[in-house]
Amino acid sequence: MIKVTGLEDAAVAIADAMANQQHLSVQSMATKSALGRDVSYDSYLDVSAFTGIKDYQPDELILTVRAGTPMHEVEAELASANQMLAFEAPDLHKLLGAQSAGTIGGVLATNASGPRRLTAGAARDYLLGFDAISGRGERFKSGGKVMKNVTGYDLSKLICGSYGTLAVFDEVTFKTLPRPETNISLLFGCEDMTAAVAKIASVFASPHEPNAAAILPGSMAASAGIDVPEAMVVIIRLEGIDVSVTDRALHLLAADPSGAEIDENSSSALWQRIRDVELLVNQPGDVWKLSCAPAAAPNIIAAVQNHFDMTFFADWAGGLLWLAGPSGASFGTALRTALANNGSGYAQLVRDQADTKTVITPFQPLSSAHYALHKRIKAAFDPLSVLNLGRMHDGI
Amino acid sequence: MQMPEPDQSVIDRRDTICRDLRNLTANHCVVDSVEGRRAYDADGLAAYRQLPLAVVLPETVEEIAAVMKYCHREGIKVVPRGSGTSLSGGALPLADAILVGLGKFNRILDIDYTNRCVVSQPGVTNLAITHAVQADGFYYAPDPSSQIACSVGGNVAENSGGVHCLKYGLTTNNLLGIELVTIEGEILRLGGKHLDAGDYDLMGVMTGSEGLLGVVSEVTLRILQKPATQRALLVGFDDTGSAAEAVGDVIAAGIIPAGMEMMDGLAINAAEDFANAGYPRGAAALLIIELDGPEIEVNTLIDRVTRIMDTAGASSLKVSNSEEERNLFWAGRKSAFPAVGRISPDYLCMDGTIPRRRLPDMMVRMASLSQKYGLRVANVFHAGDGNLHPLILFDANEADELRRAEDFGADILRACVEMGGVLTGEHGVGVEKRDLMSIQFTEDDLKQQQRLKCAFDAGHLLNPGKVFPHLHRCAELGRLHVHKGKMPFPDLPRF
């Protein structure tokens, strides 16, 4: 274990690893180490000392924070100025059996985004800039501390979701946003997934600005305290100032009187359970997440539902499916086949109960051309594979 | 501006190259006459002109791939071009490079309301996307000023913004998928109708890469439902500092307007002369604040913003009460560039970003630079996000004025970086700001960016001479520092 306190000694540690032909596993609170493949490493590079809020200017919508800062500290700081990270990072610690939500760096490394991703964007959309040490042991920065910037390549996008395989980052700068004054949710029963996706499309074709949309099977909804007779429940969240939220709810319910409204407290609690995938924590087996075109979701579910003992729910208007099913390769293979038959997307193993990742790759496999390009990018940042070797793919 | 030394051996082969390109495109779409090539000799940065070696206008992605493969094999440089509206010289031709024009890729391929996206060829204009979906109540949010002409493929290359990106983001935040052709002629699809990459976000780095990483051959864009109501406030201030503070106060109150624009005195008067928009002539600064959304919300927020403006010391305030009036408020701002064109034979439009709180400092700095160079400057800002557009007024027919204007502009951009900002907020680096990159970035920062370039284009064939002040060979960039006398893995290929 090599514990470093800043980028200077991280650079030394990486240079030493290069010279000694060693590989490092980069971690802080290790709450997301279950994600991805097992890393080949000789020692840990512990960056948990990279903590602290460096600069926060609410009226500039800018937050600079060190990557090892725990999420709860970041969120508390933002709440003090009535702001938030709009991508609504999920806290998957219950699902993954970890101790806490982990750090802001972990959120970035996994590009973790919650229900508001549908309308407000992902973690990658809010990272404005960073300071880092590459796998070459060299310090570099990208982006900046302003909201609008197209100077040079947008490496922030590349770093987000790269699972620590390209660089070790320290200071990261985000765009923040004001917290909505209130939120409520509307519930609509639907006979099946197709009807649910169509219902959401009709709400999004209105000017009433829904900002999140999920689909729960009736039985799962019942366990969350929502009783509707239909097989599926569509949940639409409205956020904003009070008069606006009330008015929009009235319009949407007037257009479809079958709907029901739940108040701010129930709505917030429900969306937190959706965000954190708590609805699947007690389901047996592995948990996969699948990103697809929203309209493809009914076909994908139909293709796998009768062949496996599985449960699921959908976020992002149907575009994000969370599925619990049997461990082993066959479930993930079936999901990827269904996905390939229904357009573009990816299926990722999130909770692995029985070494499933030894028989099927947890990340969506890459085509040979994509893989070759990924390898060249990995080499551009980390030519000797010092950082998190093999976390995402073979050699990456 | 020094461009890379043209390769005379390529120029000498021009006739052969044109013949080969003709054979690679079914309809022989190659422009090789001097008159024909003249139409492509500049983009929106019209001070720089260069005839391209030849222009090829492919009609299918397979033809793009064939042209790229050919250029890669023959070691010929390629400059991609959409509509040629870049303000930073991103599509400036090179004497020894093929210009690949995407103008024939002008069809919208799929309008998908269930998935709320449009799949389009790259040569379609930005505004045409909105036109295709507006009858059904949808629109495409990024709205660069050139939206009537600029192409969506070019928008991806430049990561274009617009006046509404404070609330709705830039191109990168509204892009779901692209198809790209690599310099090796490989066709890759990134993203699609789903959200986010499961792997390295290659679409994210392609966006804003200024044609240096690949040629965009198809885009999938997110479309949004048009807001029910849009209303704007026109607010005058006697000093720019109070106006800048008022902008911060709006955001601190938890309000994110659809747009927040600011103009200084010279720009206000020029725009008013041009458009008769009812701007307060005596004001030192003018804010245009637009709110959109459900009617009841917009009306409530108009009241809140009005109170904030009063408290901040506004000298005048008008609220639009009709679409006609709102459009009139914008008419002055949107005609600011031609309006300034009327009061000066030439102008240079700059594009830096600063932390907004530094705006008063920047105004002072610009005034002193204006004196130093003996040139006037008019200012329009995207105030909400700190993006400046100083317009430096000059006369190209006067000896030395262009050079002075360029030096003035470079000093403004240096000041942007010094104040914690960046060289370009939305126009791109191109050739215009290329030689200033080392003000914002260290040599290591730039080398790391170029290593990414090498992963896509190891031969530096795609749009060379843009963005980076020094071209390092990829083999040199791949070399590793020898630590403690040991060269690790000496046999490993570095790239």
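**Close-ups of a predicted two-chain model**

**View 1. Helices α2(B) and α4(B) are roughly antiparallel to each other (over 145 degrees; under 35 would be roughly parallel, 65 to 115 roughly perpendicular, and the rest oblique).** This is a predicted model, in which local features need pLDDT of at least 70 and side-chain atom pairs count only at pLDDT 80 or more, while totals for chains, interfaces and linings use all residues. Residues are numbered from 1 along each chain as its sequence is written, and chains are lettered from A and ligands numbered from 1 in the order in which they are written. Helix α2 spans residues 14-24 of chain B and helix α4 residues 61-74; they pack at about 150°, with axes 9 Å apart. Axes here are lines fitted to C-alpha atoms, for helices over the stretch in contact, with angles from 0 to 180 degrees between N-to-C directions. On the α2(B) side, D20(B), L21(B) and L24(B) make the contact, and α4(B) brings E63(B), A66(B), V67(B) and Y70(B). Contact means C-beta atoms, placed from the backbone, within 7 Å. Helices (H or I, at least four residues) and strands (E, at least two) are DSSP runs, numbered from the N terminus.

**View 2. An open sheet of 3 strands in chain A runs β1-β3-β2, with parallel pairing.** Strands pair if DSSP finds at least two bridges between them. The edges belong to β1 (2-3) and β2 (24-27) of chain A, each with a single partner strand, so one side of each has no neighbour in the sheet. Zoom in on β1(A) and you'll find 2 bridges to the parallel strand β3 (residues 43-46) of chain A. For K3(A), the bridge partner in β3(A) is D46(A).

**View 3. K318(B) sits in strand β15 (residues 316-319) of chain B.** K318(B) counts as partly exposed because it has 15 C-beta neighbours inside 10 Å (20 or more would be buried, 12 or fewer exposed, with C-beta atoms placed from the backbone). Leaving out residues up to four places away in sequence, K318(B) touches L233(B) and L234(B). T306(B) is 12 residues from K318(B) along the chain, and their C-alpha atoms are 9.2 Å apart.

**View 4. Stepping back, chain A has 14 helices and 18 strands.** Its radius of gyration is 21 Å, close to the 21 Å from the globule rule for 396 residues, so chain A is as compact as a globular protein of that length. That radius is taken over C-alpha atoms, and the rule is 2.2 Å times the number of residues to the power 0.38. Of the 396 residues of chain A, 61% count as buried.

Note on methods: Contact = placed C-beta atoms within 7 Å.
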